[in-house]
Amino acid sequence: MRASGGLRFLRRLCRPVAVRALGTMTHVSTQEPVAALTFDDGPDPVWTPRLLEILDAYRARATFFMVGQAAHRHSGLLRRVAASGHAIGNHSWDHPSFPSLSARARRAQIRACERALAPHGQRLFRPPYGHQDIWSRLDALLLGYRVVAWSVWAADWRDRSPSTIAARVMDALRPGSVVAFHDGLVDAVDEQYFDRGATLDAVRLLLNRLAGTFSFVTVPELLRHGRPQQVHWVTHGSADVMAGLRRRGDSPAGGTSAAKSTGP
Ligand SMILES: [Zn+2]
């Protein structure tokens, strides 16, 4: 049945309010040459320390969306990331697709990760795989979290060429961008995907080429440079697609654009 004119008007009126309250941040509106690099699925005992050295060499600060289980296992690494001046956000306890969970299980995931990250975690949440529905978004709101997605997707779990990954990010990078990388990979079955060497080399290339022209800051710092830009972000992954991901170490095709294509 078609919505009446009055209902359509009401929806148009409510939409900006709903996006402000329940929108998902993708980037920040600014003219300044600043951007946020974010790293998901760690901390990883092999790759995260090497990444910290690269970031430090270029005086770049980043945001790590950690998996609670890994942070609990590697609590020394969690402390080291925090002591290095980086921000730490919540990426759930063990990385399930949230729309497939009950409300109770979703909130338990966020709270368990929060306990593992304490006292270093900030109220920033990135949904595993970028999967989110209105109910999981509401849970994050109820628990006091800002949901942070991305505007630049490195697709670094897929490519083995550092220059390809770096070029993809450089093409899409704008003032205020939030870039999504991975310093760990929780779901890859194929061994080659656990090797984060290409990601680290891509980050080094990127920082080297942009040294002196771009500053890389944490998400909370980026928010001080401009207003967060938010979208109504709803992305599901079907059980079949998720099973395929685990089998192939590949990405489910759930997104509607390059920036919104989902992956680990
Ligand atoms: Zn992830």
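Visitor: Which residue lies over the face of Trp-47?

Guide: A charge sits over a ring if NZ of Lys or CZ of Arg is within 6 Å of the ring centre and within 35 degrees of the ring normal. Here, Arg-50 lies over the face of Trp-47, at 4.9 Å from the ring centre. The charged end of Arg-158 sits over the ring of Trp-157, 5.7 Å from its centre.

Visitor: What should I know about the model itself?

Guide: Residues are numbered from 1 along each chain as its sequence is written, and side-chain values use heavy atoms, with hydrogens and water left out. This is a predicted model, where local features need pLDDT of at least 70, side-chain atom pairs count only at pLDDT 80 or more, and totals for chains, interfaces and linings use all residues.

Visitor: How many helices and strands does the protein chain have?

Guide: Helices (H or I, at least four residues) and strands (E, at least two) are DSSP runs, numbered from the N terminus. In the protein chain they come to ten helices and ten strands.

Visitor: What share of the protein chain counts as buried?

Guide: Buried means under 20% relative accessible area, exposed over 50%, and partly exposed in between (1.4 Å probe, protein chains only). Of the 264 residues of the protein chain, 49% count as buried. For a partly exposed case, look at Gly-121, which has 38% relative accessibility. Gly-121 has its place in the loop between α5 (103-117) and β5 (124-125). Its C-alpha atom is separated by 9.5 Å from that of Phe-64, 57 residues apart along the chain.

Visitor: Why is strand β3 described as largely enclosed?

Guide: Five of the five residues of β3 (residues 62-66) are buried, so the rest of the structure largely encloses this strand. Ala-62, Phe-64 and Met-66 point one way from β3, while Thr-63 and Phe-65 point the other way.

Visitor: Which strands pair with β3?

Guide: Two strands pair if DSSP finds at least two bridges between them. Strand β2 (residues 34-40) pairs with β3 in the parallel sense over four bridges, and Phe-39 has Phe-64 as its bridge partner in β3. To get from β2 to β3, the chain passes through helix α2 (residues 47-57), and this β-α-β crossover is right-handed. A crossover has that hand if, with the strands pointing away from the viewer, the path from the first strand over the helix to the second runs clockwise. Strand β4 (residues 87-90) also pairs with β3 in the parallel sense, over four bridges. Phe-65 stands opposite Gly-89 in β4, and Met-66 has Asn-90 as its bridge partner there. Both faces of β4 are covered, with Ala-87 and Gly-89 on one side and Ile-88 and Asn-90 on the other, all buried.

Visitor: What does Phe-65 touch?

Guide: Contact means heavy atoms within 4.5 Å. Not counting residues up to four places away in sequence, Phe-65 touches residues including Thr-38, Phe-39, Gly-89, Asn-90, Leu-124 and Val-148. Phe-65 has a relative accessible area of 0%.

Visitor: Where is Val-203 found, and is it buried or exposed?

Guide: Val-203 is found in helix α8 (residues 197-210). Val-203 counts as buried because its relative accessibility is 0%. Leaving aside neighbours within four places in sequence, Val-203 is in contact with Phe-39, Leu-51, Ile-54, Leu-55 and Phe-181. The C-alpha atoms of Val-203 and Leu-37 are separated by 9.1 Å, though these residues are 166 residues apart along the chain.

Visitor: How many aromatic pairs are there?

Guide: Rings of Phe, Tyr and Trp (its six-membered ring) pair if their centres lie within 6.5 Å; planes under 30 degrees apart count as stacked, over 60 as edge-to-face and the rest as tilted. By this rule the count is eight aromatic pairs. One of them is stacked: Trp-150 and Trp-153, at 4.5 Å centre to centre with 20° between the planes. Trp-150 also pairs edge-to-face with Trp-233, at 5.2 Å centre to centre and 80° between the planes.

Visitor: Which parts does the pair of Trp-150 and Trp-233 tie together?

Guide: Trp-150 lies in the loop between β6 (146-147) and β7 (152-153) and Trp-233 in the loop between β10 (227-231) and α10 (239-248), so the pair ties together parts 83 residues apart in sequence. Trp-150, Trp-153, Trp-157 and Trp-233 form one aromatic cluster.
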